[in-house]
Amino acid sequence: KTADMTFDTTTPKGYLDLPVNRKVFRTLSLINGTAYDLPGTNGSGFNSDLDRVEVEIFYPDGPKYWNGSNFSADASSFNVVSGTDTWSYSPPGLSAALTSGAYYVLKVRAVDRAANTQSGFTDIVSSRTFIVDKTPPTSTIIRPIINGKYKPSGLTGVSALNGSAAD
């Protein structure tokens, strides 16, 4: 008796859909994307299929990694997501743990059933940077003065309406 064996040595690929790269967010409740296990390069065209997809969220100012419940991991920490071909990740507490004014680096990687693990990451495709801004903008009216009494002729010119705004 003889038996044929096929070895899968092709690395699967993970892709990010959300969040959008280099955008500012007040909250981040959902991270999602897709993954694909390419047919093998050994000529057979077989693949072993996806086993899991994982995401890593890095806070460079920490420097800390998200461990699934907070930013306390000192070393790289990939977290398993829901789904494989189409996947999502929405851990409770992530938005609350994000620091306003900070940026974060997000990576996704796929692992197939032959234990081939994605190790390279491409900006925008499988790695993205996003910024968190939880502080609302402010604005102040300087003129006209509250409860002030003005004639229409008193509110003319370039400084008739004056104020400031900051973000």
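Student: Leaving aside its neighbours within four places in sequence, which residues is Trp-87 in contact with?

Tutor: Keep in mind that this is a predicted model. Trp-87 is in contact with Tyr-15, Leu-16, Ile-31, Asn-32, Gly-33, Thr-34, Ala-35, Val-53, Val-55, Val-81, Ser-82 and Val-108.

Student: Which residues touch the most other members of the largest nonpolar core?

Tutor: Here's the general idea: in soluble globular proteins, nonpolar side chains tend to be buried together. In this case the largest core has 23 residues, and Ile-31, Ile-57, Trp-87 and Tyr-104 touch the most other members. Two or more residues come from each of β3 (31–36), β4, β9 (86–89), β10 (103–112) and β11 (127–132). The biggest giver is β4, with five residues.

Student: Is Leu-106 buried or exposed?

Tutor: For this, check the relative accessible area. Leu-106 comes out at 0%, so it is buried. You'll find Leu-106 in strand β10. Beyond four places in sequence, the contacts of Leu-106 include Ile-31, Val-55, Glu-56, Ile-57 and Phe-130.

Student: What about Glu-56: where is that residue, and what is the nearest side chain of opposite charge?

Tutor: With a charged residue, look for a partner of opposite charge, then for polar ones. Glu-56 sits in strand β4, which covers residues 50–59. Glu-56 is buried but has no salt bridge, and the nearest oppositely charged side chain, Lys-107, is 4.0 Å away. There is a polar contact, though: the side chains of Glu-56 and Ser-76 are joined at 2.3 Å. Not counting residues up to four places away, Glu-56 also touches Tyr-65, Phe-78 and Val-105, among others.

Student: Now the whole chain. How many helices and strands are there in the protein?

Tutor: Count the elements, then read their order. The protein has one helix and 13 strands, and the pattern along the sequence is β-β-β-β-β-β-β-β-β-α-β-β-β-β.

Student: Why is the protein described as more spread out than a compact globule?

Tutor: Compare its radius of gyration with the rule for globules. The protein has 25 Å, well over the 15 Å that the rule gives for 167 residues, so it is more spread out than a compact globule. The C-alpha atoms fill a box of roughly 105 × 30 × 20 Å along the principal axes.

Student: And what percentage of the residues count as buried?

Tutor: Of the 167 residues, 32% count as buried.

How values were computed:
Residues are numbered from 1 along each chain as its sequence is written. This is a predicted model: local features need pLDDT of at least 70, side-chain atom pairs count only at pLDDT 80 or more; totals for chains, interfaces and linings use all residues. Side-chain values use heavy atoms; hydrogens and water are left out. Helices (H or I, at least four residues) and strands (E, at least two) are DSSP runs, numbered from the N terminus. Buried means under 20% relative accessible area, exposed over 50%, partly exposed in between (1.4 Å probe, protein chains only). Lys and Arg count as positive and Asp and Glu as negative; His and the chain ends are not counted. A polar contact is a pair of N or O atoms within 3.5 Å; within protein, one must be able to donate a hydrogen and the other to accept it, and residues adjacent in sequence count only if both atoms are side-chain atoms. Contact means heavy atoms within 4.5 Å. A nonpolar core is a set of buried Ala, Val, Leu, Ile, Met, Phe, Trp, Tyr and Cys residues joined through side-chain atoms within 4.5 Å. The radius of gyration is taken over C-alpha atoms; the globule rule is 2.2 Å times the number of residues to the power 0.38.
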